[in-house]
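Subject: Handing over the structure

Dear colleague,

I am passing this structure on to you, and below it I have set out what was found, so that you can follow each point with the model open beside you.

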Amino acid sequence: MPSFLSANASAAAVPAAARLDSGGEPVAAASTSSGGPDDPVRRLVGGLRGSGAEGFLASPHFGAVVSKLSRFQVDRVVAALNVESPGLAVAFFDVLRNEYGFRHSRFSWLLASHVLAGERELGRLRWVLQQMLEEEGSGSAPALCEVLSNSFHDWKSSGVVWDVLAFAYSRAGMVHDALFILAKMKDLRLRASITTYNSLLHNLRHTDFIRDFKMRFHSSRRLIRRSLGPQLCHLIPSCQGSMEEAIEFANDMEKSGLGPDVVTFNILAKGFHLLGLIGGAWKVIKKMLLNGLHPDQVTYTILICGHCQAGDIDEGLKLREEMLSLNLPLNSISYTVLLSSLCKSGRVVEALNLLYEMEDTGVKPDIVTYSILIHWLCKQGEVQKAIMVYQDMISKRIFPNSFSQTSILLGMCQRRTIKEARMYFDALTRSNLTDCVVWYNIMIDQYAKCGEIGEAVDLYKQIVTKGITPSAVTFNSLIFGFCKQRKLDEARWCLDAMKLYGLIPSAITYTILMNAFCEECNMHSMLALFHEMETKAVVPTHVTYTVIIKGLCRQWKLQEAVQILNGMYTKGLRPDQVTYNTIIQSFCKARNLENAFQLHTEMLACDLEPTPVTYNLLINGLCVYGELTDADSLLVSLQDRNVNLTKVAYTTIIKAHCAKGDVERAIFYFSQMMEKRFEISIRDYRKLCLYVETDITGIVNSNF
């Protein structure tokens, strides 16, 4: 192997006199003549230069000598070996580090790096520099630059080492150091590679470090406008992070004679995509095309992800078609993003077909793809299809995660019988080493809603027996179940038990229990819970206040209920239709229709659309108290405004007109009800006939 210290570089590369590096350590000289015959450096160099270098490295004598060496002495050995055998110098460097745990100086690290660069062993070079940076850490670039400038500036492989060092800093996330190296390279007229630029460009999408270097690297903002065009630059002020600097950095590549490649443009497009600026990504792609480059699979993946993230699934599907027409295969990321977006748009059948397309084209769906599809199939009520996909996934030896299993269990609870759901739950808990409290919560909640509180309690006992910590959701479901069965003492016990587990009852917890006390007309306990919430700084929700309003209305404290309603707005809470309907119903029962309609007007003024229940209450109030003319007028005005009414509104007004003896008007509304295709039962016909018969009988009796 030829010497890596050429005739004109040997003396300059490693000076005869030792010098200090920035760490305060002397940098070695190549000569070994300064020591006597017992000098360990001379003994090591002599032993290694002999024919039995491998045997010498493995000998006990070698171990005894190197264990006493200082960094400075090791540097001298490495420098001396490099003069005649650079490969042996690297071998010595490796043995000391790997087998003896020796911490080399910066000089030795960089000398080994230059040897590897000269041999074009770039893979090993990257690995060595990465190992060095793990020791040096962030902020070490100035010190390494000093050693490189002082000791290796005449090496032929120096440019490669500088470039790979900048790349290594970038890959390690030390962007500030990488940019410092790049700045020094510019001063030394060394050219960075496209790979290094792209790596830095990738990191600059997320960091602000480059702001400190902007003036040094780039001339002016006009260069960006010439390079990227005004259409792209107008997007820059709205960018977050460092997209502006990333674009300037890309411009600097062109200025330095390095034409951006597809990777460069993809990185810029990805940056705009991450900022949600899909228009900016398209401008980058157009410039790519103008540069004679063609979008690749990564380019299309970025655009597909961007459009899907923006909610434009159809544009994403068009890009998929374009890829297929260009014989560019979609990867699993593109397919999964498209599939997820289709599911979110309610197009689950198309998503299922996309899964089949993935498999047909040789792209293997992963657990994420399957889990997304299973989740949305269950959410759409397609539990059987979800189970088929689930079984298909298992047949391909893709083991389900808790997310997909939870989706199936939820789907079964909502769309199948509770018995089937329980069978699946039991299978899950038997086959999994770790029980998931979420599964127990789902089943406990389902049992509570079905009124089977005993089964829910049994599952709670299983949780405790297995040492699983119950969550707030567990207790909320139990409290709901007990309240539904009117077992309020047990519900109150659950509230206290939460505290034993260190769980803090939420507004939902208190509201469930407060509503139960309200239903039992126990206003004292309801208000006591509300005050407990305030004491514990639990913020009430609009539902909490609706429960309080309901309780006040049941006590006919309507003005206090209205005060609570108005107070909700001052607290930043927006009452919903249920809140208003509760008070409107009470005013109607109290024959105070004026206040009831005033609340209806207030709803409209607050941009709160009244529900069909609201109008049912108002129409019923007018009918009950004989205000049929006003009821007719209200119904007609609602029809003219195309307000959706329920069958109840019509049956209420029909009944009122029949009671008043206006059979003709009742039949008119009955005909309207039929025209609007409400479901008419035999019972409805019988009621109408009964009203008509009663009315005719009354007329006959009056004539005789």
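**Ser 170 and its surroundings**

Leaving aside its neighbours within four places in sequence, Ser 170 makes contact with Ala 178, Ser 199, Leu 200 and Asn 203. Please keep in mind, here and in everything that follows, that this is a predicted model. Ser 170 belongs to helix α10, which covers residues 158–171, and Ser 170 is buried, its relative accessible area being 2%.

**Aromatic rings**

When the whole structure is searched, 10 aromatic pairs are found. In one of them, Phe 475 and Tyr 501, the ring centres are 5.9 Å apart and the planes stand at 45 degrees; since an angle under 30 degrees would count as stacked and one over 60 as edge-to-face, the pair is tilted. Phe 475 lies in helix α29 (residues 472–484), while Tyr 501 lies in the loop between α30 (488–500) and α31 (507–519), so the pair ties together parts that are 26 residues apart in sequence. The two partners can also be described by their accessibility: Phe 475 is buried, with a relative accessible area of 0%, whereas Tyr 501, at 35%, counts as partly exposed.

Elsewhere, Phe 107, Phe 152 and Trp 155 are linked by ring pairs into a cluster. A charged residue also takes part in a ring arrangement, in that Arg 126 lies over the face of Phe 167, at 5.7 Å from the ring centre.

**Nonpolar cores**

The largest nonpolar core has 139 residues, and the members that touch the most others are Leu 373, Ile 408, Met 443, Met 514, Ile 583 and Ile 584. Helix α31 provides the largest share of this core, namely eight residues. If neighbours within four places in sequence are again left aside, Ile 408 is in contact with Ile 374, Cys 378, Ala 386, Ile 387, Tyr 390 and Tyr 424. Another core, of 59 residues, lies apart from the largest one, and among its members are Val 65, Phe 92, Phe 93 and Tyr 197.

**Cysteines**

How many disulfides does the count come to? The count comes to zero.

Helix α40, residues 663–675, has 13 residues and reaches 18 Å from its first C-alpha to its last, close to the 18 Å expected at 1.5 Å a residue. Within α40, the residues Val 663, Ala 666, Tyr 669, Phe 670, Gln 672 and Met 673 are buried. After α40 comes Arg 677, which has a positive phi, near 60 degrees.

Leu 293, for its part, is found in the loop between α18 (278–290) and α19 (297–309). Although Leu 293 and Asp 261 are 32 residues apart in sequence, their C-alpha atoms are 7.4 Å apart in space. With neighbours within four places in sequence left aside, Leu 293 is in contact with Pro 260, Asp 261, Val 262, Phe 265 and Met 288.

With best wishes

Notes: Residues are numbered from 1 along each chain as its sequence is written. This is a predicted model: local features need pLDDT of at least 70, side-chain atom pairs count only at pLDDT 80 or more; totals for chains, interfaces and linings use all residues. Side-chain values use heavy atoms; hydrogens and water are left out. Rings of Phe, Tyr and Trp (its six-membered ring) pair if their centres lie within 6.5 Å; planes under 30 degrees apart count as stacked, over 60 as edge-to-face and the rest as tilted. Helices (H or I, at least four residues) and strands (E, at least two) are DSSP runs, numbered from the N terminus. Buried means under 20% relative accessible area, exposed over 50%, partly exposed in between (1.4 Å probe, protein chains only). A charge sits over a ring if NZ of Lys or CZ of Arg is within 6 Å of the ring centre and within 35 degrees of the ring normal. A nonpolar core is a set of buried Ala, Val, Leu, Ile, Met, Phe, Trp, Tyr and Cys residues joined through side-chain atoms within 4.5 Å. Contact means heavy atoms within 4.5 Å. The expected span of a helix is 1.5 Å times one less than its number of residues. A disulfide is a pair of cysteine sulfur atoms within 2.5 Å.
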